Amino acid sequence: MSLRPPEVLAPAGDMERFLAALRYGADAIYLGGKLHNMRASTRSFTTEELAQAVSLAHRQGVKVYFTCNTLPVNGEIPALKSYLAEVAGTGVDAFIVADIGVMMAARRAAPQTAIHISTQAGVTNYLTATELYKLGASRVVLARELSLEDIRCIRENTPPQLELECFVHGAMCMSFSGRCLLSDYFVGRSANRGECAQPCRWSYYLMEEKRPGQYFPVFEDEKGSYILNAKDLCLIESLDQLCRAGVSSLKIEGRAKSAYYVAVVTNAYRNAVDLYLKDPENYQLPQWLLEETRKVSHRDYSDGFLYGRPEQAQCYESGGYIRQWDVAAVVERWEAGRLYCVQRNRFYEGDRLEALIPRGMPVELEARDLRNEAGEKIPCANRAAAPFSMACGQPLPEGTILRAPKGEQPQVK
């Protein structure tokens, strides 16, 4: 059994996503800066933004973990100490590191800041986990390729003070613990330095050496084959087993994903953990929470390696995503029976919407009495980022997301 209530750890690639994680129930949020960041494609945080984020989080009892988990090259070392000290000065609760040299530099530059060992370090056994603890790590982020039994074994053979963090949701790499050279080889963008071009999602054909120009599909599909394209991870149905195995932190992947994704997935795991803590022995995941994980953009889901070597862990048909819902609007305020919002995607008078309620079930709404900023009636909200209002008898807090099914919408009668 876990020594403490399991932590819901959410990703944030910028301030919008950070606020979504905060609003929808994260216990802790991980993010990165301009350097040594495994998500180089995200906008990330300046030192000033980081200080603001930490202040907001700490006022709500939420922790902030800072990623320094690339594998640095020689030219980056001279500036490392001052960078770590500068980040530590913002009050972050931990550094997430993958490199032993960065770990020791962080301990010297900011001895008061906790050290978490990134999944990039490939921790797969209790011996390594214990030695990292002796070196000063307070937590290890376990490799994604571990089974539930592996996790349980590590917990039973490591110091009880060492926290174990486990990925529970999001994209999977085709390589062990994310250490992959394909991207660097194909396009000169190193996955180990936050620049992955995701060649494992590309479509491939087979060409025989002596038959140049003749391409044969590896899998019978006119688009080629996606033999390296891993399914996404979704372990919400195994949350109770992970907690009983001793996992301290449930980590959601997705710093490069949308604020909507962060909000929905964080909210789903937040509600699931709260239900588990109320009655661990009789916990059952409600169907609506499982459905929530399907209402974000995702590939087909799998259990990863949790129950052993996966038999069908690749998406062979496509490298794309399943996306069935869109953000319709974001609430700015509720006043005198009306919601004042900012529009994101087009919807019409009479359409069915859902309000994503923090720490609660989504609430169905009808788009009624739509009006533009001037108070004039409009048949639809179709101007991106434009203010509008609609009738709503239920007060909804600032930042609440309104969403709608993609495609033709059923009209509420």
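**Entry 1: the pocket**

A pocket, on a 1 Å grid over the protein atoms alone, is an open set of points where a 1.4 Å probe fits, with protein on both sides within 12 Å along at least five of seven lines, and its lining residues have an atom within 4 Å of a point. I kept in mind that this is a predicted model, where local features need pLDDT of at least 70, side-chain atom pairs count only at pLDDT 80 or more, and totals for chains, interfaces and linings use all residues. Residues are numbered from 1 along each chain as its sequence is written, and side-chain values use heavy atoms, leaving out hydrogens and water.

I looked up the second largest pocket and found 27 lining residues, with Glu 16, Ala 259, Tyr 260, Val 327 and Arg 344 nearest its centre. The elements that give two or more residues to this lining are α1 (15-23), α9 (259-278) and β13 (325-335). Here helices (H or I, at least four residues) and strands (E, at least two) are DSSP runs, numbered from the N terminus. β13 gives the most, with 6 residues.

I noted a volume of about 620 Å³ for the second largest pocket, a volume being the space filled by probe spheres set on the grid points, which are joined across faces, edges and corners.

**Entry 2: helix α6**

Which residues of α6 (residues 148-156) are buried? I found Leu 148, Ile 151, Ile 154 and Arg 155. Buried means under 20% relative accessible area, with a 1.4 Å probe and protein chains only. Seen down the axis of α6, these buried residues fall within an arc of 125°, so they line one face of the helix; the arc is that of the directions from the helix axis to the C-beta atoms. I then checked what covers them, and the list includes α5 (126-134), β7 (163-170) and α8 (239-244).

**Entry 3: strand β11**

I turned to β11 (residues 249-252), where Ser 249 and Lys 251 point one way, Leu 250 and Ile 252 point the other way, and all are buried. In a regular strand the side chains alternate between the two faces of the sheet.

Strands pair if DSSP finds at least two bridges between them. β1 (residues 7-11) pairs with β11 in the parallel sense over 3 bridges, and Glu 7 stands opposite Ser 249. β7 also runs parallel to β11, joined by 4 bridges, and I saw that His 169 has Ile 252 as its bridge partner in β11.

**Entry 4: the whole protein**

I listed 10 helices and 21 strands. Of the 413 residues, 53% count as buried.

Definitions and conventions
Buried means under 20% relative accessible area, exposed over 50%, partly exposed in between (1.4 Å probe, protein chains only). Contact means heavy atoms within 4.5 Å.
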